Amino acid sequence: MSEGNKNLEAIPNPPTIKKGKEKGQRGKYSNVIIFLVLIYGLTIASMIKPVKGFSESENRVLEERPKFSWESLFNGTFISKYETFVTDQFVFRDTWIGIKTRAELAMLKKDMNGVYIGKDGYLIEKVEDSDLDMEQLSRNEKRLYAFISKYKEQLGEEHVFAMIAPTAFEVLKDKLPPYASGFDQGAFLDRLDKTLGNQFIDLRKTLTEHNKEYIYYRTDHHWTTLGAYYAYVEWANKIGETPMSQEEFEIKKIADDFLGTIYSKINLKLSSDDMYLYDSGKNYTVEYNMDGVLKNSLYEMSHLDTKDKYSVYLNGNNPIVKINSENHNGKKLLIIKDSYAHSFAPFAVNHFEITYMVDLRYFNMPMSRFIEENGITDVLVLYNVNTYVKEKSLDTMVR
């Protein structure tokens, strides 16, 4: 090799190296810019878009923009509420939930966003002890005991009961992953049973005996109409009524594409749910929120065309519902409830002249006044465990 060629090989090529460095730097800057645009752009978009008050897909009230005060800033409540507000109002929320779920499934996770991926297509909601306010739970137990004790004396022990229903987490244990953990519903229900005595209707045995049947939805936190029917049988026997048999109803399948509240938590479709109604053939009039408009059905079929199909049962969440039946026996039932009662009440109304359903989250009249003014003869407190242990509106019950 000639001396000239040797010298050429020894000369570095600065322009090529410099160009590569500049290209790499531009790539880094581009990634940073894209990341910042996504994070800040989506956050700003979430803040300026119209605030939604209710999530139809999750069937819950969304966090509103918190009001600023120096006190709330310094005690931390403003920041906490604002974080929840931004999370609830984030743009494309459902899409991001679905992406997150699929990423976690790829990592072989079996529980996501408070949901276990169970056997046979079941999505089962879990509540951890850390999710609970133990002071609130203790207050709820005391309020329930005080209420039941008061009206047991006033109306008679055969007329006042509490039914705090276990969820699929407690009853469908064979569907859960082997490592599943969560709030011990069994221990809590044992405590209620001991505290309330004969006034507590424990559904665990009955529902567990039927846990091979379709008594809980796969994608929703409610029991199915069949699960509600078995609960009704237990309650009717307890109050001295003869429960209607399933053969006395015309059972109609009204949907096969129901995707409920638990599905909306993870946006993962394993299988959809069927929905049924039990038609007794009897006549009723239903009035929602004392608006003077009377309906002649226990079912609002228009909800089958919406995401919240479960609201087909007595029109979903309302402060107060009044149901008149064909019975003229002078008996008036009050159900203090969450949404588990919506598919239960169509069975219970067949034994009473008038049935009232009250949702304490939206109802401010003291129960003592309501019971007296409406001549209530029977009372049932009906919640599912997961709702009851976190409920913050039970003060109205003992006023």
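Trainee: Which elements each supply at least two residues of the lining of the largest cavity?
Mentor: This is a predicted model. The lining includes Leu 123, Ile 124 and Glu 125, along with Ala 168 and Phe 169. The elements that each supply at least two lining residues are β5 (123-125) and α7 (168-171).

Trainee: Which element gives the most to that lining?
Mentor: Leu 123, Ile 124 and Glu 125 are among the lining residues. With 3 residues, the top contributor is β5.

Trainee: What is the volume of the largest cavity?
Mentor: The structure holds 4 cavities of 30 Å³ or more. For the largest cavity, the volume is about 80 Å³.

Trainee: How do the lining residues of the largest cavity divide, and how many are charged?
Mentor: Glu 125 and Asp 220 are among the lining residues, and Asp and Glu count as charged. The lining has 6 nonpolar and 4 polar residues, and the charged ones number 2.

Trainee: Where in the chain do Trp 223 and Tyr 340 sit, and how many residues apart?
Mentor: Trp 223 is in the loop between α9 (204-209) and α10 (225-238). Tyr 340 is in the loop between β12 (332-337) and α12 (345-348). The pair links distant parts of the chain, and the separation is 117 residues.

Trainee: Are Trp 223 and Tyr 340 buried or exposed?
Mentor: Buried means under 20% relative accessible area. Both Trp 223 and Tyr 340 are buried.

Notes: Residues numbered from 1 in each chain as written. Predicted model: local features only at pLDDT ≥ 70, side-chain atom pairs only at ≥ 80, totals over all residues. Heavy atoms only, no water. 1 Å grid on protein atoms, 1.4 Å probe; cavity = no way out; pocket = protein on both sides within 12 Å on 5 of 7 lines; lining within 4 Å. Points joined across faces, edges and corners; volume = space filled by probe spheres on them. Helix = DSSP H or I, 4+ residues; strand = E, 2+ residues; numbered from the N terminus. Buried < 20%, exposed > 50% of the residue type's maximum accessible area, 1.4 Å probe, protein only.
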